[in-house]
Amino acid sequence: MATPHPLTTTASGADIRVRFCPSPTGLPHVGMVRTALYNWAYARHNGGKMVFRIEDTDAARDSEESFRQLVDALTWLEIDWDEGVELGGPHAPYRQSERHDIYRGVIDKLVATGALYESYSTAEEIDARNEANGRAKQLGYDNFDRDLTDEQKAAFRAEGRQPALRLRVPDEDLTYVDLIRGEVTFPAGSFPDFVVVRPNGVPLYTFVNPVDDALMGITHVLRGEDLMPSTARQLSLYAALIDAGVTTFVPRFAHMPLVLGETGTKKLSKRDPQADLFLHRERGFIHEGLLNYLALLGWSIGPDRDVFSLDEFIAAFDIENVNPNPARFDQKKAESINGDHIRMLDVKDFAERSVPYLAAAGLFDEPTHEQLVLAFRAAPLVQERVQLLGEVPGMLGFLFRDEVSYDADALKGLPANAAEVLEACVAALEPVQDFTPEKVQEALSTALVDELGLKPRVAYGPPRVAITGRRVSPPLFESMELLGKDESLRRLRALAAFLAD
């Protein structure tokens with residue numbers, strides 16, 4: 001059995017250092033957030049550190065707007081970092097675009113040890129040699145330039161060619177022990193010497209990513225399964241970096257399972273609505289609920305238990321307990337877990353988080369003191385009934401609008417004698433002096449159930465639609481108390497008149 005590199009890190013506890021290093025392209029998506037979450041939880045569980053680094057060497061795709069969105073996402077999710085962008089630290093700068101001089105120094109060291117060599121072969125020449133040697137084209141580069149003489153190099157330069165720099169890959173099996181998947185071996189010869197620096201002198205991602213990890217002392221690389229094939233190249237590069245004195249150890253690797261779309265048949269695409277982090281926030285996920293659900297995409301706190309606090313997650317999380325099998329994003333389950341976390345909030349906290357959604361729905365711009373008081377008084381009526389904060393305006397909108405808009409399904413469900421029921425409601429409530437939920441219920445129950453002989457399910461449908469415009473609403477009697485007696489009577493009369501027309 002092959003043996004992992006003897007210099008693989010043995011770091012544990014407070015010596016553990018992980019990193020989150022996204023590229024600032026497009027909107028943050030849930031797969032990226034799951035990666036950040038697992039790294040963060042692993043660092044917090046062990047008392048280690050998380051580095052937030054930006055890989056922004058692709059000028060054509062990277063943008064400052066995307067960078068700001070990444071920071072916004074982590075800030076909203078309350079995933080904090082110990083060093084990195086926006087914060088600084090001993091290994092600054094933390095943007096690849098600002099580290100070119102650092103890379104140049106490492107390149108020079110690797111050239112000096114012979115780990116990197118000049119390669120002048122063009123793609124056409126590589127294809128032609130493979131064809132002439134009966135070698136499959138898809139095998140790619142044939143290591144032709146490994147042992148060019150000084151005279152051959154000079155001749156290529158005389159033609160005006162500029163060399164790329166390739167890493168001399170070890171001619172032996174490469175083995176590592178994946179923290180999630182166990183021992184993995186890449187057979188000798190399974191990949192050729194690869195380019196790490198372009199002919200224009202710009203280093204490639206396959207170079208700068210491991211170099212940054214080495215220079216920043218990253219001990220554990222926790223990343224997605226799709227990056228697993230690049231591990232062989234990273235192991236090769238790490239061996240060269242150790243020989244050159246750039247670092248002293250090889251990090252531990254763990255490759256997290258893919259996140260599949262709702263069908264469970266293919267990877268969750270960035271274009272899928274479920275992948276859009278900010279869409280989840282816009283719809284009313286709270287960060288505790290969303291992170292709880294994302295934690296379950298490959299990990300479990302225990303049998304038959306899906307809901308837990310972030311503190312419980314950190315206390316229990318170990319990357320070695322992550323399941324290597326793909327995880328399916330289930331929107332309904334995510335919303336259900338979010339609803340559980342909404343109910344765990346203090347009612348004041350729930351109300352405060354709901355106010356921006358009421359404003360976004362156009363119920364007010366800058367809420368007045370009276371509107372805020374109303375929102376906070378109404379919050380307990382819906383906290384047990386919503387799964388997303390975005391559902392709150394639909395449930396409470398009737399409190400902030402002068403005119404009620406009747407939902408079509410609510411009108412359709414009214415009984416034939418709805419106008420009579422509403423008239424009975426008005427007659428029963430007009431004499432009520434103490435307009436409390438208990439007194440309102442007592443008056444309506446006497447008039448509608450006892451005197452008209454209606455079943456409660458039928459009796460309270462018409463006043464519910466009159467008050468809220470909806471078939472399903474917050475508790476009716478408490479809602480009427482919030483509106484007050486005069487406004488409640490006005491709405492009851494308004495629906496009666498509407499039905500009479």
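## Close-up views of a predicted model

**View 1. Helices α19 and α21 meet through a set of side-by-side residues.** In this contact, Pro462, Pro463, Val465, Ala466 and Ile467 of α19 meet Ser488, Arg491, Leu492 and Leu495 of α21, where contact means heavy atoms within 4.5 Å. Helices here are DSSP runs (H or I, at least four residues) and strands are DSSP runs (E, at least two), numbered from the N terminus. By class, the residues of this contact comprise seven nonpolar, one polar and one charged; Ala, Val, Leu, Ile, Met, Phe, Trp, Tyr, Cys and Pro count as nonpolar, Asp, Glu, Lys and Arg as charged, and the others, Gly among them, as polar. The structure is a predicted model, in which local features need pLDDT of at least 70 and side-chain atom pairs count only at pLDDT 80 or more, while totals for chains, interfaces and linings use all residues. Residues are numbered from 1 along each chain as its sequence is written, and side-chain values use heavy atoms, with hydrogens and water left out.

**View 2. The axes of α19 and α21 cross at roughly 110°.** Two packed helices are described by the angle between their axes and the distance between the axes. The axes of α19 (residues 461–468) and α21 (residues 485–500) come within 8 Å and cross at roughly 110°, which makes α19 roughly perpendicular to α21. Axes are lines fitted to C-alpha atoms, for helices over the stretch in contact, and the angles run from 0 to 180 degrees between N-to-C directions; those under 35 degrees count as roughly parallel, over 145 as roughly antiparallel, 65 to 115 as roughly perpendicular and the rest as oblique.

View 3. Not counting residues up to four places away in sequence, Leu422 touches Pro462, Pro463, Ala466, Leu492, Leu495, Ala496 and Leu499. Leu422 and Glu55 are 367 residues apart in sequence, and their C-alpha atoms are 65 Å apart in space.

**View 4. The largest pocket holds about 980 Å³ of space.** Rolling a probe the size of a water molecule over the atoms shows where empty space is left. On a 1 Å grid over the protein atoms alone, a cavity is a set of points where a 1.4 Å probe fits but cannot get out, and a pocket is an open set with protein on both sides within 12 Å along at least five of seven lines; lining residues have an atom within 4 Å of a point. Grid points are joined across faces, edges and corners, and a volume is the space filled by probe spheres set on the points. The volume of the largest pocket is about 980 Å³, and of the 40 residues that line it, Pro22, His29, Met32, Asp226 and Leu227 are the closest to its centre. Two or more lining residues come from each of β1 (17–20), α1 (30–46), α6 (205–215) and β9 (220–224), with α1 giving the most, five residues. The lining of this pocket has 18 nonpolar, ten polar and twelve charged residues.

**View 5. The largest cavity has a volume of about 50 Å³.** There are three cavities of 30 Å³ or more. Tyr205, Thr206, Asn209, Pro210, Ser230, Arg233 and Gln234 line the largest cavity, to which α6 and α7 (231–243) each supply at least two residues, and α6 gives the most, with four. By class, this lining has two nonpolar, four polar and one charged residues.

**View 6. The loop between β3 and α3 holds Glu86, Pro93 and Arg99.** Most residues other than glycine have a negative phi, and most peptide bonds are trans. In the loop between β3 (83–84) and α3 (100–113), the peptide bond from Ala92 to Pro93 is cis, with omega near 0°, and Glu86 has a positive phi of about 70° although it is not a glycine. Glu86 is exposed, with a relative accessible area of 53%, whereas Arg99 is buried at 3%. Leaving aside its neighbours within four places in sequence, Arg99 is in contact with His91, Ala92, Pro93, Asp212, Leu215 and Met216.

How values were computed
Buried < 20%, exposed > 50% of the residue type's maximum accessible area, 1.4 Å probe, protein only.
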